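Hello,

Here is the structure I promised to hand over. Have a look through it first, and then read on for what turned up.

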Amino acid sequence: MSDTPRNRVRPAAVAGTFYPRDPHTLAATVDGLLADAAVRHSRGARGSLRAVIVPHAGYVYSGPIAAAAYSELRSCVARFRRVVVIGPAHRVPVRGLAVSSADVFATPLGAVTVDIAARHKALQVSGVVVDDAAHALEHSVEVQLPFLQRVAPGLPVLPLVVGTAPSNVVRALLDALWDDGTLLVVSTDLSHYLEYDQARAVDANTADHVVAERSEAIGDRDACGAYALRPLLEAGRARNLRVDQLDLRSSGDTAGGHDQVVGYGAFAVEAAA
């Protein structure tokens, strides 16, 4: 009798650099960030969460900001059957969007199952391809997974890396996958390597555009994940969804100096209450 084929695994690439490698330390770190966020960010009446916009730097820098969005998920996770995570390509040039052929993405907290049905549906969209090299070292998706493992354990995930993709390609992907049972996670940082006060002004302006869903006003340098962020805002506007700013800070507020900072924002995309 032949052996059952083993699932293809995409191993963790940035454990020990962007976030702790030890599973106990990682779980405690994420839980602590979520607990702090729940205290720091309290909102009144909320709508139905449909998507979150989160940063993707090392946890010491952007973890507190990302946690502001993931803490929102805890109260409504039962509504979702899958998560689609879209992050920008940093390591390998990508035209369009790339999925991985892996069936599992590993982190120190264990295995994250890839939603195979969602991957198949995504590959029906022109401009979406299988590209394992694009995923092999990419951190923009990976750093989201431990948060999801702590707030939405067991939910299958479809990881996507976006490159220089036309907005209509990303919109077609969203139209194919983003239904009421799918949480969309768009991974993006904001300004890069500006002086602290300049970054605060630039990022505040970008955040205003995000909340107002003015996708056309967001430039490539305003958000490294702009190629997914802009179509998300377009799709949200078409669906009468609103965007709520949860947190807006920079590495100068968390763990870095003020000479050159990276901006981070957390936002909830939701239906009106």
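G32 is partly exposed, with a relative accessible area of 29%; here buried means under 20% relative accessible area, exposed over 50%, and partly exposed in between, using a 1.4 Å probe and protein chains only. You will find G32 in helix α1. Helices (H or I, at least four residues) and strands (E, at least two) are DSSP runs, numbered from the N terminus. The C-alpha atoms of G32 and D203 are separated by 26 Å, and the two residues are 171 apart along the chain.

Two notes before you go further. This is a predicted model, in which local features need pLDDT of at least 70 and side-chain atom pairs count only at pLDDT 80 or more, while totals for chains, interfaces and linings use all residues. Residues are numbered from 1 along each chain as its sequence is written, and side-chain values use heavy atoms, with hydrogens and water left out.

Now to α1 itself. Helix α1 has 18 residues (23-40) and should span 26 Å at 1.5 Å a residue; its end C-alpha atoms are 25 Å apart, which agrees. The expected span is 1.5 Å times one less than the number of residues in the helix. Which residues of α1 are buried? They are L26, A27, V30, L33, L34 and A37. These cover an arc of only 130 degrees around the axis, so they sit on the same side of α1; the arc is that of the directions from the helix axis to the C-beta atoms. The buried residues of α1 pack against α2 (59-73) and α6 (145-151), where contact means heavy atoms within 4.5 Å. On the face turned away from that buried side, α1 carries the exposed residues H24, A28, D36, V39 and R40.

Helix α8 can be read in a similar way. Its 16 residues (196-211) should span 22 Å at 1.5 Å a residue, and the end C-alpha atoms are 22 Å apart, which agrees. Buried in α8 are Y196, A199, D203, T206, A207, H209 and V210. Their arc around the axis is only 155 degrees, which puts them on the same side of α8. Among the elements covering these buried residues are β2 (48-54), α9 (226-238) and β12 (261-271). E195 caps the N-terminal end of α8 through a side-chain oxygen 3.1 Å from the backbone nitrogen of D197. After α8 comes E213, whose phi is positive, near 60 degrees.

S250 counts as buried, at 4% relative accessibility, and its contacts include Y196 and Y264.

Finally, the core. The largest nonpolar core has 85 residues, and I86 and L97 have the most contacts inside it; such a core is a set of buried Ala, Val, Leu, Ile, Met, Phe, Trp, Tyr and Cys residues joined through side-chain atoms within 4.5 Å. Helix α2 gives the most to this core, with eight residues.

Enjoy exploring!

Definitions and conventions. A polar contact is a pair of N or O atoms within 3.5 Å; within protein, one must be able to donate a hydrogen and the other to accept it, and residues adjacent in sequence count only if both atoms are side-chain atoms. Lists of a residue's contacts leave out its neighbours within four places in sequence.
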